[in-house]
Amino acid sequence: MSLNVRPIMSALLRNRTGAVLVAMQVALALAVMVNALYIVMQRIDKIGRPTGIDVDNVLIVSSSGFTEHYQQVPSIQEDLAYLRGVDGVVAASAMRGTPLSDGGDAEPLVTRPEAQRTDNYNDWEVDEESLHALGIQLVAGRNFRHDEIQPPLTKQDASRFVPQIIVSRALAEHLFPHENPLGKRVFDTLNQSATIIGVVDPIMGSFPSNLHPDWLYLIPRVPADFLGLNYAVRTRPGMRDTVARLIEAHLAQSNPDRVIDSVRSLSYYKDLSYLGDHTMAIYLVTVTALVIGVTCLGIFALATFNVSTRTKQIGTRRAVGARRRDIVRYFLVENALVTGGGVVVGCALALAVGYWLSVQYALPRLNLYYLVGGVLALWGIGQLAAWQPARRAAAVPPSVATRTV
Amino acid sequence: MFAYYARLALHSFGRNPGLTALMVLAIALGIAVSVMTLTVYHGMSGNPIWWKSDRLYTVTMDNWDPQNAYRPDSRLPPPEMTYRDAHHLFDSGIPERKVLMYSSNGVMSAAGNTAPVPVNTRFTTADFFAMFEVPFLYGNGWSSGADSPPQPVIVLSRDENDKLFGGANSVGRTVRWNDHEFRIVGVLNDWFPLPRYYDLNGGAFSPPDAAYLPFNWGVELEQLNNEETDCWGSHPVNNFKDFMNAECVWLQMWVELPSSAARTRMQEFMDGYWAEQHKAGRFQRPRDNRLTNVSQWLRDRQVVDNDNRLLVGLGFAFLAVCLINTVGLLLAKFLNGAPVTGVRRALGASRRQIFAQHLIEVGALSVAGAALGLALAALGLAAVHHLYASAHLGHRGGYQEITHFDSIGVVWAVGLAVVATLAAGLYPAWRVGRLPPAMYLKSQ
């Protein structure tokens, strides 16, 4: 079966403008679609990374003491005792650092004293309940014991370090590649040392947008009153919002020497940190859909126009023996040629845009599977858009040829 | 003639209502998407105090570790200053106005009033209000005499005054801030510069602070910065005094320099101080003392993020697709009407008249497309605003603040719409005027 490409081609060349315009649209649409969807997939991957935390069932309560009478340690004891007694609460802990919130502390750690300090690693102050309260998995070593939780820093000894820490598996792997980190010592800026007693994994720290959001270490210490104090409260599934209302009302009244800054779910912080990625993905998907829609309409309109201007020619062809399906095939092949031309140019354009994005915005280089998928998709869409006009062309009766002039 | 051509255009729309609607829709979508991205971009990249571009400078010095740059991926000095450097430079008499500041958490209550509430607080110096042209509803800022030793005075934002005093003139009344008593000297009027150029550390689109206290209260009450503090070096920082002397950057300094001569003198003053300290063993990195104006500062701090540049590019790519589509449709439509055009040409219409007639048709389409496009853009912006606002649980701040049209944005949008569509219509209108009439008169 011959597709009769030659005569279709020569007919196209005699009336180029419309075809060139459609091909240009297809080319641009391909470049936009492929690159946009590639970026969308990266964002979806980013948002979907494991956090290692029971994000849906954790509340973060932020509390600040502000009077001369305020005493941090008894206040925390009282609050924790209350929180642990609330119906629906699984665990509660006092900590400094808010997971996934895009804000927090980072300090350098090195494996030898006097070594060059180049990286800062995110750290949280935690107590012995924090792992349970956040739902974090300990994969090696042990958790802190209650008697290991150090008293809060004061304005006289704010440089004090701790004897033990727990690290994330990713940070352990970075500091001690291919070694067992348990029992190893690390040093802070003042060369005070701590021993690694446990490893958690998976885990995401306070900065989801950092290159290494999983480089995290946990310090067993009660938060200081001049820094920030959070309670991490884990609730039974479905109880989170009820518990939030209950404890906010109670804590706001229970101690006149402090205020509750906020009671928020951990998913609030997570959503806010990923808001930019989330919106970007929605935006890109919407625009991609619109680009495809408009291109479809363009192809449809050109095909319709071609059919209506060629009614007589179609009639003549039918009169001299062309079957309906020959007519349909003619228009589909014509469409395939135009879309094909656009797709070829579009491939080059998509690659160029992808390369430019990777250089300019340090995005990963375009994955070629996306390009192949985009080419097939646009080609298919082009054929679909031309289908209805082609069917209409096939319905032109042969008698039309004899009617005019 | 215009009226006649307009009537012809209307007639022509009526002949193919589907095709006409399609063209208007394509134009509208292209305009809507590009206007949305441009509006957000414009909101991000604006300089809210452009008229002070050659007067207002932020001061930075590279005090960082000789072995490690402040940020490995940037050649800029730290965006904030140490207490000792800022304190020294602040004593200079060269600037017309000068501000030293940082932001902190506090808890505030009105005497005998409701429960205390957390307030974001700015410790700053007297010139803050005049330098950044902050509008007052009641009272004024404090005088520089109240800076040092610090007087117990406070300025509240309008929102905070509404909360504590129901919007009444509270000047002269007292509030308790972290359990210390302060006298209100001024209440700000609505003030929400976007981006928040004077302090980008707490987020470029965050709301301004609720309370303002003389800078030295921050030091006196040993209040820590709640935005960004970065330290290097291995000296113990056990107390606030250590912190003030450490290589810790946490303060922002702005100066207003009335002339380029003053600017040169200020630069020389900084360089002189640098040389002195360099000799004493500090500042061991290459000399990098900067006076940066607002627009450069916004660029240095990358207020416009890559995603938004990308979206503007995408918006224009989409507009291009829509316009190419429109060119194709117009061409098809005009060529379809060629026999009529042939008759008009044969009856004496010139090429120019044919061109004008079709251009008016295109113009009408473009106006309709632009109007619909602007409406769609407003809807789209409202949707994006809703998306941001719901994630913020109704609190202000963040990108939600820039998802609004401003007047310049609308002018931009209308201009873009009309220019783009007329450009798209030029070729089809020209092409149809060039058709040989005889050929179309021959067939029916």
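Reader: What should I know before I start reading the numbers and letters here?
Author: Residues are numbered from 1 along each chain as its sequence is written, and chains are lettered from A, with ligands numbered from 1, in the order in which they are written. Because this is a predicted model, local features need pLDDT of at least 70 and side-chain atom pairs count only at pLDDT 80 or more, while totals for chains, interfaces and linings use all residues.

Reader: Okay, how many helices and strands are in chain A?
Author: Chain A has 12 helices and 11 strands, where helices (H or I, at least four residues) and strands (E, at least two) are DSSP runs numbered from the N terminus.

Reader: And is chain A a compact globule or more spread out?
Author: Chain A is more spread out than a compact globule, because its radius of gyration is 33 Å, well over the 22 Å that the globule rule gives for 405 residues. That radius is taken over C-alpha atoms, and the rule is 2.2 Å times the number of residues to the power 0.38. Along the principal axes, the C-alpha atoms of chain A fill a box of roughly 105 × 50 × 30 Å.

Reader: What about chain B, how does its secondary structure come out?
Author: Chain B comes to 14 helices and 12 strands. Its radius of gyration is 30 Å, well over the 22 Å from the globule rule for 444 residues, so chain B is also more spread out than a compact globule. The C-alpha trace of chain B spans about 100 × 55 × 35 Å along its principal axes.

Reader: Switching topic, how many residues of the two chains are in contact?
Author: The contacts involve 48 residues of chain A and 48 residues of chain B, with two residues in contact if their C-beta atoms, placed from the backbone, lie within 7 Å. On the side of chain A that touches chain B, α2 (16-47), β11 (258-265), α7 (266-273) and α8 (275-309) each supply at least two residues, and the largest share, 15 residues, comes from α8(A).

Reader: β11 is a strand, so which sheet of chain A has it?
Author: In chain A, 4 strands form an open antiparallel sheet in the order β2-β10-β1-β11, where two strands pair if DSSP finds at least two bridges between them. The edge strands are β2 (89-95) and β11 of chain A, each pairing on one side only. Strand β1 (residues 58-65) of chain A is joined to β11(A) by 7 bridges, and A:Ser64 has A:Val259 as its bridge partner in β11(A).

Reader: Last one, which residues have the most contacts inside the largest nonpolar core?
Author: That core has 219 residues, and those with the most contacts inside it include A:Leu30, A:Tyr217 and B:Ile154. A nonpolar core is a set of buried Ala, Val, Leu, Ile, Met, Phe, Trp, Tyr and Cys residues joined through C-beta atoms within 7 Å. The largest share of this core, 17 residues, comes from α2(A). Not counting residues up to four places away in sequence, B:Ile154 touches several residues, among them B:Val175, B:Trp177 and B:Leu213.

Technical notes. A residue is buried if 20 or more other C-beta atoms lie within 10 Å of its own, exposed if 12 or fewer, and partly exposed in between; C-beta atoms are placed from the backbone.
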